[in-house]
Amino acid sequence: MDYWKKSLPNMYKQFPEPIITVGENGVILHMNEAASQYQQKAIRDLLPGARLSGLRRITKEEGARLEQFLSRPEGTSSERHFLYFDDSEGEVISWELYKLPYDASNNSLGSHLLIRDRSESIRQQKESEAIRARYNELLDLYIDPIVIHQDSKIVFINDVAEQTIGGTSEQLLGQDIFRFIHPSDWDLVAERVKMMYKTKQRSNIKDIQLISFRNEVFEVETMSKMIEHNGRPAVLTIIRDNSARKKAEREMIHQAFHDSLSGLPNRRQFNQQLSKMIERSSTSLDDASKQVSRFAVMVLDLDRFKNINDSLGHAYGDVFLKEMGSRIQSCVRDSETLVARMGGDEFTLLINRFQDEQQLGLLAGRITAAIQQPYRLKDTDFYTTVSIGIAIYPDNGQDTVQLLKNADTAMYEVKRNGKNGYKYYSCEFNEQLQLRLELESELRKAMEREEFRLYYQPQISSIDNRMIGVEALIRWEHPTKGIISPGVFIPVAEESDLIYSIGEWTMREACRQMKKWHDEGVFFASVSVNLSARQFLQPNLVQQIHVILEETGLDPSFLVLEITESMMMDASHSIGILNELNSTGVKISLDDFGTGYSSLSYLKHYPIYKLKIDRSFIIDITTDESDQAIVATIISMAKHLKMEVIAEGIETKEQLDFLTSHDCKEIQGYYYCRPLPAQVLEEKYLAIQAENNGIWGDLKH
């Protein structure tokens with residue numbers, strides 16, 4: 001119910017006539033106030049959840065006709081149906097139903113039904129001739145404009161009609177009725193009047209343009225019937241201003257084909273336009289003499305938007321999405337290119353004409369450049385990137401499903417290769433996607449089969465070359481493929497909920513192993529465990545860590561949680577979690593420091609214990625002056641902020657010498673030791689302890 005209240009405009013709620021919303025199965029979902037307060041006895045059982053065709057007074061035949069009407073394929077304009085049934089007092093009830101499509105943003109379909117009660121018109125037919133003789137007095141009191149014309153001349157007009165047409169009765173009586181009808185509707189009205197005189201049947205015209213006495217054009221709906229006036233046939237016409245209804249129709253149709261958040265075309269309109277373009281272009285495929293009309297589909301997905309949405313909340317996430325939609329639209333310079341929001345953080349482009357693939361690449365490049373510009377929310381600059389997949393008709397598909405599927409596959413290939421870019425579809429992508437799906441399936445079974453292992457990489461003090469801690473790194477021992485790197489399976493786990501169970505297992509096993517080493521007197525050191533962004537944002541994180549520490553018995557001070565800068569984009573959310581963790585005695589290390597986009601202000605306000613210099617700054621540190629300056633600055637800044645600092649990825653003596661010369665006191669990397677299984681690391685440590693008094697010397701293992 002909340003969805004309807006939020007998504008339908010105030011116009012829907014305040015519309016003076018009843019509106020009922022039904023689902024694709026004919027069940028009532030919502031009614032506006034006019035429908036809820038409707039006083040007809042026959043529809044007291046009209047309630048949300050009931051089937052519309054199941055009203056007590058509707059016959060089976062009428063119910064079947066109504067079901068057929070509701071199931072009729074939708075169009076972009078309203079459709080009409082007449083429903084007749086008896087009320088509890090035996091009176092005939094006549095409803096005129098107008099059907100408008102709606103889109104519930106979850107791929108479900110349904111209709112808005114506007115109800116006009118025509119029962120009064122039927123009862124008027126049964127009135128006595130004595131009452132009819134007094135119609136002048138009654139019609140003057142009627143709330144709708146009424147005009148009676150005879151031989152095309154106006155012979156009666158009520159007060160409301162005078163106000164609508166904009167003249168007095170003296171000015172209007174005797175005027176030709178066609179004087180007030182737009183010329184475009186003359187033929188229609190003349191034909192209807194001729195037919196009424198011949199058949200004596202009613203005639204309703206849903207949309208007709210009238211011209212006021214002041215030459216103003218306006219749209220109305222007319223309902224006409226034959227009567228006698230001064231002993232001769234005449235036509236009585238009720239005029240109803242349908243501007244409110246037309247506005248409601250336009251808004252509802254717009255809502256059905258546009259995204260309510262961004263205002264861009266939605267999935268339904270995009271698919272319709274794509275189908276039409278394929279239909280037009282397919283004729284060229286069948287005719288060898290014609291040049292095939294090529295067009296392209298782009299699928300765009302914002303990278304890491306979930307982190308922004310989860311950290312800032314959905315309200316700010318919606319603001320961010322709206323801004324991204326505007327940026328994408330601003331990059332399009334061709335009016336024939338359609339930009340649509342398919343849902344969530346996914347957008348699509350339908351490019352009608354392009355010269356070559358280079359032109360498509362230029363457009364994709366403009367979009368990636370526009371998206372990665374910072375956007376300020378809650379006094380913080382936020383960054384995101386976009387992954388774009390491109391499929392070209394007819395090379396990469398000749399129907400809607402295949403084109404979108406292949407563009408989507410190309411987009412995921414961009415994400416798999418680091419995000420922030422674009423790719424054209426290739427047949428090889430399908431094979432790679434299939435492998436990823438198989439990997440996810442096997443990953444789910446890996447937990448059950450206990451195929452995960454933890455490897456531990458020592459962290460060495462540069463002061464005395466002794467081991468001061470280890471980082472726990474997960475590996476997957478596949479029964480047939482051998483050791484699978486986390487770089488392969490962690491991205492797959494991140495895209496599913498598997499990351500939660502894998503992350504919890506990793507932390508529990510790391511704490512258990514370190515406690516075992518403590519109890520056996522092997523060594524007393526801390527263990528560092530990486531937290532993913534999704535783990536960090538789960539509501540029960542602190543409680544989960546507390547339970548693990550209680551179960552394993554590890555002192556909290558020996559657990560170091562490594563987080564990334566991107567997890568702290570929303571200070572109001574992340575600082576609360578970090579303070580809770582810090583209060584338990586757990587230490588916080590900032591991983592991959594220097595690669596994120598966040599403000600440095602968190603170093604002052606957050607309970608950060610240690611900075612870890614990213615390996616990307618270490619690789620060329622002996623030759624690249626920029627890397628040297630960055631690393632030296634990070635070490636100096638950490639020292640002045642009274643934080644520990646550790647460098648990872650050290651593989652050479654030259655790299656080590658530079659770091660130690662700048663007072664970096666903790667080292668991690670292959671120069672000392674690669675990640676090892678717990679038993680192997682224990683044996684190595686004990687051997688070094690026995691042979692070299694625990695000093696990790698100038699060794700390369």
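Here is a short chat about a predicted model of a protein chain.

Visitor: How many helices and strands does the secondary structure come to?
Guide: Both kinds of element turn up in this protein chain. The tally is 26 helices and 27 strands.

Visitor: Which strands stand at the edges of the open sheet with 5 strands?
Guide: Let's walk along the order, which goes β12-β13-β11-β16-β17 with mixed pairing. A strand with a single partner has one side left without a neighbour in the sheet, so we look for those. They are β12 (338-343) and β17 (421-424).

Visitor: What does the twist average from one strand to the next?
Guide: Picture stepping through the sheet in the order β12-β13-β11-β16-β17. From one strand to the next, the twist averages 20°.

Visitor: Which residue in β16 is the bridge partner of Met298?
Guide: Start with strand β11, residues 295-303, which pairs with strand β16, residues 385-393. They run in the antiparallel sense over 9 bridges. In β16, the partner of Met298 is Ile390.

Visitor: What angle does the direction of helix α16 make with that of β16?
Guide: Helix α14 (residues 314-330) packs on the sheet, touching β11, β12 and β13. Helix α16 (residues 400-416) packs on the sheet too, touching β11, β13, β16 and β17. With the direction of β16, helix α16 makes about 145°.

Conventions. Residues numbered from 1 in each chain as written. Predicted model: local features only at pLDDT ≥ 70, side-chain atom pairs only at ≥ 80, totals over all residues. Heavy atoms only, no water. Helix = DSSP H or I, 4+ residues; strand = E, 2+ residues; numbered from the N terminus. Pairing = 2+ DSSP bridges. Axes fitted to C-alpha atoms, helices over the stretch in contact; angles between N-to-C directions. Contact = heavy atoms within 4.5 Å.
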